[in-house]
Amino acid sequence: MNSYRHIVQYYETDKMGIAHHSNYIRWMEEARVDFLSRIGWDFAKLERMGIASPVVDISCRYSKSTTFSDEVLIDIRVQEFKGVRLILQYVMKNKDGDTVAEATSTHCFLDQDGKLIRVARQYPEFYEALMTMTAE
């Protein structure tokens, strides 16, 4: 799967000209939305089906700074999925291929009433799509 590409915007930098650490979390969200769309399960489709996917845990280890107009390539993969909890792994690299950050986000799936969804049983096609990505 191709990397998600983000260009660091001026407003994402701090007084020192470095991308603020909180923006990496936003970039992860952009990459996740793009990832789901690429595998055929974009957010609009999930929302029409009544599925929400909140973040329940997130972590990010920063290795190298990024600055205005830097290109950040974000590789995303399913680290673990057993039908209830989805863990995504992100590796963010600069144009030279240096890792600038590594992260994970953990998600669950809820219905419109806020109840946990067992994806394998309730949405087997979505489950299979995510399981296929786990094997990569």
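The following passage describes the fold of one chain in a predicted model. Residues are numbered from 1 along each chain as its sequence is written, and side-chain values use heavy atoms, with hydrogens and water left out.

The chain contains 4 helices and 5 strands. Helices (H or I, at least four residues) and strands (E, at least two) are DSSP runs, numbered from the N terminus. From that end, the order of elements is β-α-α-β-β-β-β-α-α. The radius of gyration, taken over C-alpha atoms, is 16 Å. The C-alpha trace spans about 50 × 30 × 20 Å along its principal axes.

The 5 strands form an open sheet in the order β1-β3-β4-β5-β2, with antiparallel pairing. Two strands count as paired if DSSP finds at least two bridges between them. At the edges lie β1 (4-7) and β2 (55-62), each of which pairs on one side only. On average, neighbouring strands of the sheet are turned by 20° against each other, direction ignored. Strands β4 (residues 86-93) and β5 (residues 99-107) run antiparallel and are joined by 8 bridges. Within this pair, M92 stands opposite A101 in β5.

Axes are lines fitted to C-alpha atoms, for helices over the stretch in contact, and angles run from 0 to 180 degrees between N-to-C directions. Helix α1 (residues 22-38) lies across β1, β2, β3 (71-81), β4 and β5, at about 115° to β4. Helix α4 (residues 124-134) packs on the sheet and touches β3 and β4, its direction making about 110° with that of β3.

Helix α1 has 17 residues and reaches 25 Å from its first C-alpha to its last, close to the expected 24 Å (1.5 Å times one less than its number of residues). Its buried residues (under 20% relative accessible area, 1.4 Å probe, protein chains only) include W27, M28, F35 and L36. After α1 comes G40, whose phi is positive, near 90°. Over the chain, buried residues make up 38% of the 136 residues.

Key. Predicted model: local features only at pLDDT ≥ 70, side-chain atom pairs only at ≥ 80, totals over all residues. Contact = heavy atoms within 4.5 Å. Rg over C-alpha atoms; globule rule 2.2 N^0.38 Å. Buried < 20%, exposed > 50% of the residue type's maximum accessible area, 1.4 Å probe, protein only.
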